[in-house]
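Hello,

Here is the structure we talked about handing over. Please open it alongside this note, and my findings follow below.

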Amino acid sequence: MSSKADEKYSYLNKIACETEVHLQIITPTQPVRLKTRLIGVDANMSVIVAMGSDGEWISAKQYIREGQKVIVRLISTDQPDANLIAFQTHIQKLMSIAGRWLVLDYPKAVQQLSLRQHLRVPVYIEAKLLHPETKKISSSGFLSDLSLHGGAFIGESIKQASLDKKYILQVLVEGEKKSIVITIKNRKRAGEKGSSVQYGLIIEADEKLSKQFVEPLLVSSLLN
């Protein structure tokens, strides 16, 4: 195992209990997404998470069974250098002796993503830029990279667009529309052919609001 892989597993093994966990259950139709919390990690053996009791968990009951394939994403933000961890695994067993727990196989491979403020992460997230006053769509396209401070949007050319002009960036996260104010800082043609334009943008929000907007996008992009 490489040293980088060792570091990822070491980080996973030390993640604190109660860390937020996003589960994505793979089904024949569409993925089922659930939120829960980490109970603990038994190094090289298993990852244990709490089973929820809300409506979403009840609806997903038929898919929560031994051997079911799942994607796990953990957001560890209680450290100075916050990280996202993601991996594919299978449900090992359901336990209800000490609590309602879901025991998952220890992962064979792990993806780790640092949430350092200026780190730009390659992504593909469908998005729109809306006019700040009329709320009409100015450009449809996608985010090609993203950080806590900004990113790059590739889409249709915006008529009469100027640098330092504000727009509303709108995305769809797990079926819910999210938006935030951005400012265009630069523009260039995206590729040698076609009419698409890449707009470099910064997020116009404080650190808390920026994290609330960006983190779910990065979580959903890992292992997608």
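Which residue in β13 is the bridge partner of F153? The partner is Y199.

Some ground rules come next. This is a predicted model, so local features need pLDDT of at least 70 and side-chain atom pairs count only at pLDDT 80 or more, while totals for chains, interfaces and linings use all residues. Residues are numbered from 1 along each chain as its sequence is written, and side-chain values use heavy atoms, with hydrogens and water left out.

**Overall**

The chain has 3 helices and 13 strands. Helices (H or I, at least four residues) and strands (E, at least two) are DSSP runs, numbered from the N terminus. The C-alpha trace spans about 65 × 40 × 35 Å along its principal axes. Of the 224 residues in the chain, 44% are buried. Buried means under 20% relative accessible area, exposed means over 50%, and partly exposed lies in between (1.4 Å probe, protein chains only). Now take the contacts between residues at least 6 apart in sequence: 55% of them join residues at least 24 apart. A contact means heavy atoms within 4.5 Å.

**The barrel**

6 strands close into a barrel. Their order is β8-β9-β10-β13-β12-β11, and the pairing is antiparallel. From one strand to the next, the twist averages 45°. That angle is taken between N-to-C directions, on a scale from 0 to 180 degrees, with axes as lines fitted to C-alpha atoms (for helices, over the stretch in contact). Two strands pair if DSSP finds at least two bridges between them. In general, strands of a sheet pair through backbone hydrogen bonds, either parallel or antiparallel.

Start with β13, residues 197-203. β13 is largely enclosed by the rest of the structure, because 6 of its 7 residues are buried. Antiparallel β10 is joined to β13 by 6 bridges. Strand β12 (residues 176-189) also pairs with β13 in the antiparallel sense, over 7 bridges. There, R189 has V197 of β13 as its bridge partner.

Then look at β11, residues 166-173. β11 is mostly covered, with 6 of 8 residues buried. Its antiparallel pairing with β12 runs over 8 bridges. V173 is bridged to E176 in β12. These two strands form a hairpin with 2 residues between them. In the turn, E174 has a positive phi of about 50°. β8 and β11 run antiparallel and are joined by 4 bridges. A127 stands opposite V171 in β11.

**The largest pocket**

The largest pocket has a volume of about 390 Å³. A pocket is found on a 1 Å grid over the protein atoms alone: it is an open set of points with protein on both sides within 12 Å along at least five of seven lines, whereas a cavity is a set where a 1.4 Å probe fits but cannot get out. Lining residues have an atom within 4 Å of a point. Grid points are joined across faces, edges and corners, and the volume is the space filled by probe spheres set on the points.

19 residues line this pocket. The closest to its centre are I125, E126, V171, L172 and V173. β8 (121-130), β9 (137-146), β11 and α3 (207-221) each supply at least two lining residues. β8 gives the most, with 5. By class, the lining has 7 nonpolar, 7 polar and 5 charged residues. Ala, Val, Leu, Ile, Met, Phe, Trp, Tyr, Cys and Pro count as nonpolar; Asp, Glu, Lys and Arg count as charged; the others, Gly among them, are polar.

**Single residues**

Most residues other than glycine have a negative phi. N44 has a positive phi, near 65°. N44 sits in the loop between β2 (32-42) and β3 (46-50). At 62% relative accessibility, N44 counts as exposed. D164 also has a positive phi, of about 65°, and is not a glycine. Its loop lies between β10 (150-155) and β11.

D42 is in strand β2. With a relative accessible area of 40%, D42 is partly exposed. D42 and K93 are 51 residues apart in sequence, and their C-alpha atoms are 14 Å apart in space.

Is Q68 buried or exposed? Q68 is buried, at 8% relative accessible area. Q68 lies in the loop between α2 (55-59) and β4 (69-76). Leaving out residues up to four places away in sequence, Q68 touches I25, I26, Y63, T89, H90 and I91.

Best wishes
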